[in-house]
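Thanks for coming. I will go through a few local features of one model and keep it brief.

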2 protein chains.
Amino acid sequence: MPEQPANPTPAHNDLDSMLSRKFGKEVANYFSGSPLNRVGFLREDHKFLSQALQHPSTSFLVCNELQPLIDKAEKDKSPKKVGGHLKFIGFDDVKAVVGEDPYAGGEKTMVEQYDSRRYIPQMIFLGIDEKAKDGLEYQSKNLYKGAPYFAVDVTPKEGVKEACEKLIKDLEGRGLAFSQAPGGRVMDIDAQHAAIYAEARALLDWNARNPFCAACGQPTMSVNGGFKRICPPKDSSRPDDRPSCVTRKGISNLCFPRTDPTVIMAVVNSANTHLLLGRQRRWPPHWYSTLAGFAEPAESIEEAVRREVYEESGILVGRVVIHSTQPWPYPANLMIGAIGQAIPEGEKVDLGNDPELDDAKWVPFEEVRESLRVGTSGLGEDAGPEYKEGGLRLPPSTAIANQLMTAVCNGFVGGSAKM
Amino acid sequence: MPEQPANPTPAHNDLDSMLSRKFGKEVANYFSGSPLNRVGFLREDHKFLSQALQHPSTSFLVCNELQPLIDKAEKDKSPKKVGGHLKFIGFDDVKAVVGEDPYAGGEKTMVEQYDSRRYIPQMIFLGIDEKAKDGLEYQSKNLYKGAPYFAVDVTPKEGVKEACEKLIKDLEGRGLAFSQAPGGRVMDIDAQHAAIYAEARALLDWNARNPFCAACGQPTMSVNGGFKRICPPKDSSRPDDRPSCVTRKGISNLCFPRTDPTVIMAVVNSANTHLLLGRQRRWPPHWYSTLAGFAEPAESIEEAVRREVYEESGILVGRVVIHSTQPWPYPANLMIGAIGQAIPEGEKVDLGNDPELDDAKWVPFEEVRESLRVGTSGLGEDAGPEYKEGGLRLPPSTAIANQLMTAVCNGFVGGSAKM
């Protein structure tokens, strides 16, 4: 390779344009496409975290019971379904909740001083926006420049109850509000904010769900900017009461966030004319989607697709191709979108194996295409004005199911996919 | 759709031939391609599990400290590196360890009678082999026919120490032995047995790692044929001592096995002439492989590929396409294999961000191609007879890294992938 200049800083938000300029379009699903560089290798560096926390360019996303602060004024301006904005606040706002310098003293000291009685509001270091002007400059082995982002749990409880209540009241006084999305599922903010919120929500939720060690039953603590939980060897509040724990020897996956791989698949029949769709009991009338389910341990995604389709619909799938993926932070899923084709001997729908679905059926491409045009919406919402009652209803473009159906209707199967 | 006869029973082991006959070849990586139908919807059905356990066609894979019983005679017959066989035993052999009918009474009764003091050796219901003759016939909503497979943990400990020791001695007397694979990583058995072992190992290990509830710290119990752990509301041994637990309300992912999505990627340069390879410090001299790392919460696989490559090598990747996936039961990974292409502005190797790798470099396709021919082997093994000292060494064909490099050398990038 010829000698080259060092790479420019990886302005991740520039990649999109580079990609489409040179390599053609990649399907980037909702909740992906974050503008932040996570600089995960700096998460253990408390000198960095401490500077990042207090820098004037730093943004804080506060969440109350996992619901993010929303800029209502911005949201009301947007006539689109997806166009709301998160509202970020500054260090002066959150100081009373998180303290002047929670990262003082380094991670090792924090672990040594661990006290299970002390409630520490959860903070997540989300990354830096390298496009921002006047960001923090931090020299590690390389120089990193950008505006830091943190998430903070401001749910009023334990030792910070009053500070959180005061902050929330103050924010409401400024005309701000926490999202009240149906079912707690925020799906109406713009794509870059959605990706930032997904990271915040997934990590806040994982920390909240795992206060105890699954290996020994003792309380654990959050480290690495919220990306790791460890089982500390000592507890100031119970000096003689920590048993030895296997997670302290070597590396244990129990210390790291959990992400559950999920398969979601558009299955076409062998003639490539019909799409397999299914519906759950709790969905509105006429509403269908692609089949989906959790991958199990020790199966490939391709096998998981065939197993799930067989279990839920009786259909036997042959070839499987992975199309794209979507992070899904409700609570911790990675949706792996695939396109599969049924084998001719296995096209008969049979709901008798696992009675999970209310119905599954083959739908002609034309009908899917028409519904993608007039019949999509979020689950709690009305379809568009052109929708006629009784017609097929489908999920919105923010759902990977919609992207998979669109790909099939655009000739994915039988066509050729250029790299 | 025209009316069709019901689908044939999904003899999963026939799919391979159907696939290649009609849809072209799909890359099936080592540890995938199980011959078993997991019939997961029958895992809660103790009437089924009880019959399956005691049926004459049933096979038991016993593991001691996660190492499977191996048929040494069969293994010695095979001159190939991958050709060993698991040795399955019958119910009469394991009865003294697991008891006459551990599934008697149903799951609800088992939960009601939960006693945290009582050690129950872990059993996993793996599935049924529908190709086997004289298998169990079981009528649920549909009729299922096949030879059942179970895994049993026979590690000598707690209340079954003596029974396990006796069984192990007995098996050794028959010339059988537990695998002594280097690092405990079984990689030398034939592909179908490898897939069965992967399922057994992943589930035995997950149960063993999670004896306590991460939400409340209390001991948990294994249900659903080993595929679920719940936090029971009562404990016979401590009648007043179970706090309420959030995992008992609705569905909690903490109850289900954990699978960690991992990205592994063959990255080519923008001219499509060189492949990016890296090496870890602990690897033998001249040994390289593709880069890899864990996916983080709330990022797409495509984003995880770009982040990991940037962190480990400084290279900036544009377009990413997912190639195939591989279950990896050490301990619970799902390897998602991708192929990516660097952008022209980001081809300079820089190990300074995250000093995880000993080296990373661009290697011409011809050199990779030659090494795939003469320089592959398992990590603890010698390369083939044609290998010349100093030449590039690469992982064996059982590793997805090898399959990704092979795909790139065979023209994946720039070519077209037919569905």
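First, the ground rules. This is a predicted model, in which local features need pLDDT of at least 70 and side-chain atom pairs count only at pLDDT 80 or more, while totals for chains, interfaces and linings use all residues. Residues are numbered from 1 along each chain as its sequence is written, chains are lettered from A and ligands numbered from 1 in the order in which they are written, and side-chain values use heavy atoms, with hydrogens and water left out.

Start with helix α7 of chain B, residues 191-209. Helices here are DSSP runs of H or I, at least four residues, and strands are runs of E, at least two, numbered from the N terminus. From first C-alpha to last, the 19 residues of α7(B) reach 26 Å, close to the 27 Å expected at 1.5 Å a residue; that expected span is 1.5 Å times one less than the number of residues. Of those 19 residues, 15 are buried, where buried means under 20% relative accessible area, exposed over 50%, and partly exposed in between, with a 1.4 Å probe and protein chains only.

Next, α4(B), residues 91-98, and α6(B), residues 161-173. Their axes are 8 Å apart and cross at about 155 degrees. The axes are lines fitted to C-alpha atoms over the stretch in contact, and angles run from 0 to 180 degrees between N-to-C directions. That makes the two helices roughly antiparallel; the cut-offs are under 35 degrees for roughly parallel, over 145 for roughly antiparallel, 65 to 115 for roughly perpendicular, and oblique for the rest. From α4(B), D93(B), A96(B) and V97(B) meet A163(B), C164(B) and L167(B) of α6(B), contact meaning heavy atoms within 4.5 Å.

Now R307(B), which sits in helix α8 of chain B. Is R307(B) buried or exposed? It counts as buried, because its relative accessibility is 6%. A polar atom of its side chain lies 3.0 Å from the backbone oxygen of F294(B). Leaving out residues up to four places away in sequence, R307(B) touches R38(A), F294(B), A295(B), E296(B) and E299(B).

A215(B) is in the loop between α7 and β7 of chain B, and is buried at 15%.

Last, α10(B), residues 400-409: eight of its 10 residues are buried, so it is largely enclosed by the rest of the structure. The cover includes β9, β10, β12, β13 and α9 of chain B. After α10(B) comes G411(B), with a positive phi near 90 degrees.

Key: Polar contact = N/O pair within 3.5 Å; in protein donor to acceptor, adjacent residues only side chain to side chain.
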